[in-house]
Amino acid sequence: MVKRNCSVFISGQGTNLLNILKHTRDYNFPINIKLIVSNNYKAKGNNISKKYSIPFYFFKKKDLRGTNQLLHILKIKRISLICLAGYMSIIPKYFLKSFRGKIINIHPSLLPKHKGLNTYKKVKLNKDKRMGCTTHYVTEKLDSGKIINQKWFYTEQQFDEDVLKIRTQKIEHNLYFQSLIKIYRN
Ligand code: GRF
């Protein structure tokens, strides 16, 4: 199978990145990760690039020159899909233009519910009966692009924010790789 070149952008732990990476070993998995990008030098996930010998690019959040250079590297590496996995910055408009329809994200809520930050808090405050996660295409409007896939579970009153987070992240790991398969299925 001809695998597409993909780049994963992170800012934190990188558990989603690691999970996708494990699936790339499968011959039938549609993508390979050719570049890991981080905008947080303290991110735990940065080590994954070293451990698995994957090229790594770091840039500071507001470094426009860094972003331009990154765009150039992504083109040279023929990256055809960017996966945001816990990437905590807004993608600039001109960047989106260059990769229109080719950037996806995972969000810890059942979109269109609870866009933006603090989703676990919002679920508690709202007394939601269900909680979950969503993969979606990235557009100019925050967490509003076309939905690719969702997974959910029933919440219980005694679940605090930490429990909600642990349960959500567990299903995120299945959701992301399944979404990648879905994107390239046809
Ligand atoms: C995930 O819960 C994702 O939904 C959110 O940030 C978290 C990243 O976790 N956008 P990790 O860095 O993949 O462990």
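These are my notebook entries on what I looked up in this structure.

**Entry 1: what I have open**
I'm working with a predicted model, so every number below is computed from it.

**Entry 2: the two domains**
Domain 1 covers 1-100, and domain 2 covers 108-186. I then looked up the C-alpha centres of the two domains, and they lie 21 Å apart. For the contact, domain 1 puts in 19 residues and domain 2 puts in 12 residues. Next I checked the area. The two domains bury about 1500 Å² between them, and 70% of that is on carbon and sulfur atoms.

**Entry 3: the domain 1 side**
Which elements give two or more residues to the side of domain 1 that touches domain 2? I noted helix 1 (15-23), strand 4 (81-84) and helix 4 (93-98). Helix 1 has the largest share of that side, with five residues. I sorted the residues of this side by type too: 11 are nonpolar, five are polar and three are charged.

**Entry 4: back to the salt bridge**
For the salt bridges overall, my count comes to two. One of them is the Arg-100 and Glu-140 pair again, at 3.7 Å, N to O. I wanted to know where the two partners sit. Arg-100 is in the loop between helix 4 and strand 5 (103-107), while Glu-140 is in the loop between strand 6 (130-137) and strand 7 (147-154). The pair therefore ties together parts that are 40 residues apart in sequence.

**Entry 5: around the ligand**
Then I went to the ligand. The residues around the ligand include Gly-12, Gln-13, Gly-14, Thr-15 and Asn-16. I also wrote down Gly-86, Ile-106, Pro-108, Gln-169 and Glu-172 as residues around the ligand.
- For Gly-14, a backbone N or O atom lies 2.8 Å from an oxygen atom of the ligand.
- For Thr-15, an N or O atom in the side chain is 2.5 Å from an oxygen atom of the ligand.
- For Glu-172, an N or O atom in the side chain is 2.3 Å from an oxygen atom of the ligand.

Last, I went through the backbone angles. Where is there a cis peptide bond? I found it joining Leu-111 and Pro-112, with omega at about 10 degrees. Pro-112 lies in the loop between strand 5 and helix 5 (119-126). I also stopped at Ser-53, which has a positive phi of about 50 degrees although it is not a glycine. Ser-53 is in the loop between helix 2 (47-51) and strand 3 (56-58).

Note on methods. Residues are numbered from 1 along each chain as its sequence is written. This is a predicted model: local features need pLDDT of at least 70, side-chain atom pairs count only at pLDDT 80 or more; totals for chains, interfaces and linings use all residues. Side-chain values use heavy atoms; hydrogens and water are left out. Domain bounds come from an automatic or database domain assignment. Contact means heavy atoms within 4.5 Å. Buried area is the accessible area (1.4 Å probe) that two parts lose on being put together, summed over both. Helices (H or I, at least four residues) and strands (E, at least two) are DSSP runs, numbered from the N terminus. Ala, Val, Leu, Ile, Met, Phe, Trp, Tyr, Cys and Pro count as nonpolar, Asp, Glu, Lys and Arg as charged, and the others, Gly among them, as polar. A residue is near a molecule or strand if one of its heavy atoms lies within 4 Å of it. A polar contact is a pair of N or O atoms within 3.5 Å; within protein, one must be able to donate a hydrogen and the other to accept it, and residues adjacent in sequence count only if both atoms are side-chain atoms. A salt bridge is a side-chain nitrogen of Lys or Arg within 4 Å of a carboxyl oxygen of Asp or Glu.
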